[in-house]
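These are my notebook entries on one structure. I record what I looked up, entry by entry.

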Amino acid sequence: MDWRKICCPIDFSDCSKEALAIASDLARRFSGELLLLHVYQAPSYALPEGYVLSAPEALRAVSEDVTRRLNEWERMAQAQGVAVTTEARMGVPYAEIIAYAKKIACDLIVMGTHGRTGLQHAFVGSVAERVVRIAPCPVLTVRWSQAKH
Ligand SMILES: Nc1ncnc2c1ncn2[C@@H]1O[C@H](COP(=O)(O)OP(=O)(O)OP(=O)(O)O)[C@@H](O)[C@H]1O
Ligand SMILES: [Mg+2]
């Protein structure tokens, strides 16, 4: 199989950095393209009546921060000689990853087994687990090996 369109969802964790290295390597070998995706959640706070979204300035600050980080990670992959596209989406991470993978019809998803928000002793993070269950294409999960760091 040719892995030409590779989607790499990242949460800027060390584990997703390892996934990015493998995704970049595959994209380079197959002269494919790499699509980096980050999903962020809108800053909000809970009141008894329900959730209240933060002010537009707060949303803008989050979106700018995400763009800045995505650009940094894009440059890391480009340094490996790979064609990279970035995408930032707001919403529920696993749902947006699946929706994006369907939209771009990627051949492969490469992601970490763990991320930033979970317990290291969990077998696999909840975003990774859900994506593996319902992805429209094969999923390669990459375990973060502490020994290497
Ligand atoms: N918000 C996100 N946007 C894009 N990719 C993500 C996002 N969150 C997680 N991922 C991807 O999923 C991988 C596994 O992260 P996951 O969130 O499942 O584990 P965790 O943070 O350790 O645990 P949990 O989120 O269940 O508490 C990450 O390495 C990354 O590739
Ligand atoms: Mg997580």
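Is phenylalanine 12 buried or exposed? I found phenylalanine 12 buried, with a relative accessible area of 12%; buried means under 20% relative accessible area, exposed over 50%, and partly exposed in between, with a 1.4 Å probe and protein chains only.

Conventions. I note that this is a predicted model, in which local features need pLDDT of at least 70, side-chain atom pairs count only at pLDDT 80 or more, and totals for chains, interfaces and linings use all residues. Residues are numbered from 1 along each chain as its sequence is written, chains are lettered from A and ligands numbered from 1 in the order in which they are written, and side-chain values use heavy atoms, with hydrogens and water left out.

Entry 1, positive phi. I placed phenylalanine 12 in the loop between β1 (5–9) and α1; helices (H or I, at least four residues) and strands (E, at least two) are DSSP runs, numbered from the N terminus. Its phi is near 70°, a positive value in a residue other than glycine. Most residues other than glycine have a negative phi. I then looked up alanine 105, which is not a glycine either and has a positive phi of about 50°. Alanine 105 sits in the loop between α3 (93–104) and β6 (108–112). Alanine 105 is exposed, at a relative accessible area of 52%.

I examined helix α1 (residues 14–29) against helix α2 (residues 56–78): their axes come within 10 Å and cross at roughly 40°. Axes are lines fitted to C-alpha atoms, for helices over the stretch in contact, and angles run from 0 to 180 degrees between N-to-C directions. On the α1 side I listed Ser16, Lys17, Leu20 and Ser24 in the contact, and on the α2 side Trp73, Met76 and Ala77; contact means heavy atoms within 4.5 Å.

I recorded 23 residues for α2 and a reach of 32 Å from its first C-alpha to its last, close to the 33 Å expected at 1.5 Å a residue; the expected span is 1.5 Å times one less than the number of residues. Its buried residues are Val66, Leu70, Trp73, Glu74 and Ala77. The cover over these buried residues includes α1, β2 (33–40) and β5 (83–90).

Which residues does tryptophan 73 touch, not counting residues up to four places away in sequence? I found Ile10, Phe12, Ser13, Ser16, Lys17, Leu20 and Leu36. Tryptophan 73 belongs to helix α2 and is buried at 6% relative accessibility. Tryptophan 73 and proline 136 are 63 residues apart in sequence and 25 Å apart in space, C-alpha to C-alpha.

Serine 24 is in helix α1 and buried, with a relative accessible area of 2%. Not counting residues up to four places away in sequence, serine 24 touches Leu34, Ala77, Gln80 and Val82. I also looked up aspartate 14, likewise in helix α1, and found it partly exposed at 44%. Its C-alpha atom is separated by 9.5 Å from that of serine 145, 131 residues apart along the chain.
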